[in-house]
Amino acid sequence: MSSEWKFTAKEIAERTDLFMSGHRACAGCAPATVHRLVLKAIRGPTIATNSTGCMEVTSTIYPFTAWKIPWIHTAFETAAANASGIETALKVLKRKDRIEHEHVDVIAFGGDGGTFDIGIQALSGAVERGHDFLYVLYDNEAYMNTGIQRSGGTPLGAWTTTSPAGRRIPGKPQLKKPIADIMVAHEMPYVATASPAFWTDLLRKVRRGLEVDGPAFLHVIAPCPRGWRSDPSKSIAISRLAVETCTFPLWEATDGEYSLSAPSKVMALRPERKKTVTEYLKMQGRFRHLFKPEFEHVIGRIQETVNKRWHKLLGKCNIS
Amino acid sequence: MNPKKKKGWKEIPMAGVCWVPSTSYLTGDWKTYRPVWDSEKCTRCVLCHLFCPDGAITWKAQTNEMIFNYDYCKGCGICEAECPVDAISMKLEGEP
């Protein structure tokens, strides 16, 4: 279950922005929206850490910083390792009575490169050791910061500079790694997926992730207009379509027990509302080549994978 | 501290700490189109504030109005696209 926390949109609007204006993310950057929303859901003193990635680079261009809370960055693979260190240090300070706060939360932010590929060993280790922190993965599905290289999070058929679409190869030939399921396999207390378009769901899941005792993992889809070759004004619309097409279903797993979240439950109970992946793909220029006659079979394969993963998820949630 | 004036290594904080708030860096001149708010149509659902990547739109409770801060707005148009009642329209910079 996500948090019992009750709030209205205006209450959230009245909370201070802890991720401030003036950061240098591109126009229409959904990861920036995700960071703002996540920091609106915190419950008290919080320390953040970032792995290298778009949001680390754009939020802290020396000497400027967009963070209104204590923030640390060391290297690409160390978001989870940093968080473990911070959490342990806090535990020691608490034992020595040197902090008066009841709890200080730790949030680690990582991009898909820093989580799917480079940071997975640090993350896996931190979760295994059971540190009490929330890991937020903002998934923009490639290494956007260095110029759109493929990562483990890039979906099948997507164009990137290192999986280019040509006459023979239709973009990335491999599937997206199911990272959230990998995290559930760690038998951690709380794993969830979220989308900024369904912001109430996202905020409740963040709060829940902070409330649980032990590690929590949140996988958030975050469209990148530059890398996805999409219209900057459509970033939120695309993150909504990702849920409506079941490409990125919203669910949460508490102690390994899967349950579908409301926006995806609609798709499960009323399958006629589920949209086809074509609608999602045609909004993004990175899938443009798939609409050529020679690559049309790839769209079929994408739909097939989405359906397969969706039915597997329904099975885990005990919905047939 | 003034970020414009270059500092020597003896004067900057240790360990590469960023000390200037990003709000002193204005990103408003990036935009081509600017959002224009219609207070008549607006229902104050504050979705534009929640979805804005730059935090350039805020809701002022005292006067119940949405404040658009053009110093930071990058003109992406998410607010216009997501507004459920079309109370925001995008106008080319320089047009009245």
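Predicted model: local features only at pLDDT ≥ 70, side-chain atom pairs only at ≥ 80, totals over all residues.
Which residue follows α4(A), and is its phi positive or negative? The residue is Asp97(A), and its phi is positive, near 60°.

**Fold and dimensions of chain B**

- Chain B contains 2 helices and 5 strands, arranged along the sequence in the pattern β-β-α-β-β-α-β.
- The radius of gyration of chain B is 17 Å, well over the 12 Å that the globule rule gives for 96 residues, so chain B is more spread out than a compact globule.
- The C-alpha trace of chain B extends over about 55 × 30 × 20 Å along its principal axes.

**Burial, contacts and surface of chain B**

- Of the 96 residues in chain B, 40% are buried.
- When contacts between residues at least 6 apart in sequence are considered, 62% of those in chain B link residues at least 24 apart.
- Chain B carries 12 positive and 12 negative side chains, with 12 Å between the centres of the two sets.

**Helix α4 of chain A**

- Helix α4(A) comprises 17 residues, 79-95, and its first and last C-alpha atoms are 24 Å apart, close to the expected 24 Å.
- Its buried residues include Ala79(A), Ala83(A), Ile86(A) and Leu90(A).
- An α-helix has 3.6 residues a turn, so residues three or four places apart point the same way.
- The buried residues of α4(A) pack against elements of chain A, namely the strands β1 (46-50), β3 (71-73), β4 (105-110) and β5 (134-139), together with the helix α6 (120-129).

Key. Residues numbered from 1 in each chain as written. Chains lettered and ligands numbered in written order. Heavy atoms only, no water. Helix = DSSP H or I, 4+ residues; strand = E, 2+ residues; numbered from the N terminus. Rg over C-alpha atoms; globule rule 2.2 N^0.38 Å. Buried < 20%, exposed > 50% of the residue type's maximum accessible area, 1.4 Å probe, protein only. Contact = heavy atoms within 4.5 Å. Lys, Arg positive; Asp, Glu negative; His and termini not counted. Charge placed at Lys NZ, Arg CZ, Asp CG, Glu CD. Expected span 1.5 Å × (residues − 1).
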